[in-house]
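Hi,

Here is the structure I promised to pass on. Have a look at it first, and then read my notes below.

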Amino acid sequence: NTRGKREVDSNILRLPDVAAELLLDGFPLELIDGDVSNIPVQWVTAVMNKVAKKVRTRSRLFVVTVIGVQSTGKSTLLNTMFGLQFAVSSGRCTRGAFMQFIKVSGSMAEDLGCDFILIIDTEGLKAPELATLTDSYEHDNELATFVIGLSNLTLVNMGMENPTEMKDVLQIVVHSLIRMKQTGKGPICQ
C-alpha cells in the first residue's frame, strides 16, 4: 500500500509539469477560482516555474487583460483578437480569471519586444448574482486591482447601453490604478 501511495504522490507532483505543457500548447489555465474567489498561489507558482524551465530562456512576457461588466463579450473579444478558445456560449459567463499563452516568434517577437503574450480573461464586474452581497463592490475592486497589477495592457470592455454601468466600471478601474500607484507596484513581466 505504501508503493501505491508513492505512485499517487509522484503523479500529483507531475501535475504542474502537465499543466505547464498544456498552457504552452495554448490551453487556458484558471488563475482565479471563480467559485470561491481564491487565487491558488502555490499551484499557479508551481505551474509558472515549470513554464520557465520549459522555455529555458529569459523570455520576455507582455500581459494583456480584459475587464468589464458581465455579458459584454470579453471572452469573445479576446478570442476574435488573438484567435484563442476561451469558453463562450449563450448565457455562459466566465467565473474567476483564466490565462492563456501565445508564443511570439521571429521578427514579430523583435517588433513587439516579447517572446510570449499572456492573455487574461476575467469574470464580469457588477455581476447580478453578487449584487445582493454587501462586499460585491469590494470583490470587483480586488479583481480589477489584481489583474491590472499583472497587466501591461488592460482592455476595458463596456456595453454602451447603460451609462451608469460605464461610470461604475471606470470608477473601479481608476480606483485600481490609484491603489497601484499608492503602493508603488506595477507589472514586472520578464
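Helices here are DSSP runs of H or I with at least four residues, strands are runs of E with at least two, and both are numbered from the N terminus. Residues are numbered from 1 along each chain as its sequence is written. Keep in mind that this is a predicted model, where local features need pLDDT of at least 70, side-chain atom pairs count only at pLDDT 80 or more, and totals for chains, interfaces and linings use all residues, while side-chain values use heavy atoms, without hydrogens and water.

Let's start with leucine 15, which sits in helix α1 (residues 2-24). Its relative accessibility is 44%, so leucine 15 counts as partly exposed (buried is under 20% relative accessible area, exposed over 50%, partly exposed in between, with a 1.4 Å probe and protein chains only).

Now for the charged residues. There are three salt bridges in the structure, each a side-chain nitrogen of Lys or Arg within 4 Å of a carboxyl oxygen of Asp or Glu. In one of them, aspartate 17 pairs with lysine 54, with the closest N and O atoms 2.9 Å apart. That pair links helix α1 to helix α2 (residues 41-55), across 37 residues. Lysine 54 also bridges to glutamate 21, again with 2.9 Å between the closest N and O atoms.

Then there is arginine 60 with aspartate 115, at 3.3 Å. Both lie in loops, so this pair ties together parts that are 55 residues apart in sequence. Aspartate 115 is buried, at 16%. As for the shared partners, Asp17, Glu21 and Lys54 are joined into one network.

Cheers
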